[in-house]
Structure formats: C-alpha cells, structure tokens
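Here are my notes from a pass through this model. Have it open beside you while you read.

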Amino acid sequence: MGQRIVGLTGGIATGKSTVSDYLARVHHLPVLDADIYARQAVELGSAVLGAIAARYGKSLLHPDGTLNRGKLGEIIFNQPAEKAWLEQQIHPVVRQCFAAAMAELAEAPVVVHVIPLLFEANLTDQVSEIWVVTCPLERQRQRLMERNGLTAEQATARIQSQMPLAEKVALADVVIDNSADLPALFRRVDEALQHAPEGC
C-alpha cells in the first residue's frame, strides 16, 4: 500500500481539531492544516492581502496594515459572491503550501490534511481517503456558541452557510462519530487508523 493521505474534514465545531491534535500528539503523525495556510496567504505583504485591500479599501486593514478578519468576515458571510471571490484568491495559495509540505514528507507512511473545505474547495484529489468528523446538530451548535461567543441564531446561521454535514458524511470513506465522550472518539480514530478504507 502506498502513502496514506488522510483528508480530515467535517462541519464547523464538530471536533476536527480534537481529532487532528490526537493524531499528532498520540500517533505522532504529520498534520498539515489548511486554515494555517489560509492565514499565511493573507499575511502582511502578501499578494492576497493586497488584492483584498484593493477590492474593499484600507478600512479592511488594522492600523498596522494587517487584515481585520472581523470586518472581512462580515462581508463574506453575508455575500456569497464575495466569499467565492476570496476563496479564488486563497485556495491556490493553500494548494501550493500543501504541495511544498508534501514534498518534504514523501517518506511518511501517513500524512493528515486538515481541510474544513475539502469538498467545497475541490481538494479531494489531494488525499487518498476522506475522514468526516460528525456530531449531532444540537451539540455542534452548542460547541460553536461556547467557542465563538455566538447566540443560537448566529451559530445556526454559520452552520447553515456550510455544505450540509449529511452530504459530507455521504462522501466519506470513514465517518468519525463525535457524539459521545472523548475516549469513544479516540477509539474510533484508532480503528480508522488501523484499517485503511477499501480502495484507498
């Protein structure tokens, strides 16, 4: 069997970070995170940050020239066309970062790619198997409210703005159920790691 490249995804606040942290800490696997690369794509002096400032004006920047993520979030969350434009700027950079990192990990038997927008960004070709972390809607909403300080309505809106979790589950090679406690979650991860999906 060749190199296993696990595409770890799921819905917002379903537990992706908990799973990826466990894979790195306990199983000592290399974990590459699309969110980190996306943040790097808009760092001070980057071409993407320049494009954002040109499109929306300097009001989207802090006094030190860095991106005001809160203001940008308000724009793209309420305007799908602007969200699509932003993703067109960032996704190619993220792809390049993954490619550069993977060139250094050619000998690693298993590499984990944490990609929240795995399906939406058409990055499924980057991985050999897809793991989707899922949990009940009410738990997802509660976690999101607690983590981001949102109201129930705000949390629901963010969840509904994403590709439905059920659709992601239907496309998964492995479903990581995060509806119970942490030991149960980690047992499921251990099982998934021990048994590569057929055809992967």
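1. A word on ground rules. This is a predicted model, where local features need pLDDT of at least 70, side-chain atom pairs count only at pLDDT 80 or more, and totals for chains, interfaces and linings use all residues. Numbering starts from 1 along each chain as its sequence is written, and side-chain values use heavy atoms, leaving out hydrogens and water.

2. Take α1 (residues 16-25) and α9 (residues 182-194): they pack at about 60°, axes 11 Å apart. That makes α1 oblique to α9 (under 35 degrees is roughly parallel, over 145 roughly antiparallel, 65 to 115 roughly perpendicular, the rest oblique). Contact here means heavy atoms within 4.5 Å; on the α1 side, T18, V19, Y22, L23 and R25 take part, meeting residues of α9 that include L182, F186 and L193. By class, this contact has 8 nonpolar, 1 polar and 2 charged residues.

3. Now α2 and α5, which pack at about 120° with axes 9 Å apart. This pair is therefore oblique too. Among the residues in contact are Y37 and A38 of α2 and V94, C97 and F98 of α5. The class count is 10 nonpolar, 1 polar and no charged residues.

4. Where is the centre of the largest pocket? The pocket holds about 1,700 Å³ of space, and of its 46 lining residues, I12, D35, P116, L117 and Q162 are the closest to the centre. Elements giving two or more residues to the lining include α1, α2 and α5. By class, the lining has 22 nonpolar, 11 polar and 13 charged residues.

Methods:
Axes are lines fitted to C-alpha atoms, for helices over the stretch in contact, and angles run from 0 to 180 degrees between N-to-C directions. Helices (H or I, at least four residues) and strands (E, at least two) are DSSP runs, numbered from the N terminus. Ala, Val, Leu, Ile, Met, Phe, Trp, Tyr, Cys and Pro count as nonpolar, Asp, Glu, Lys and Arg as charged, and the others, Gly among them, as polar. On a 1 Å grid over the protein atoms alone, a cavity is a set of points where a 1.4 Å probe fits but cannot get out, and a pocket is an open set with protein on both sides within 12 Å along at least five of seven lines; lining residues have an atom within 4 Å of a point. Grid points are joined across faces, edges and corners, and a volume is the space filled by probe spheres set on the points.
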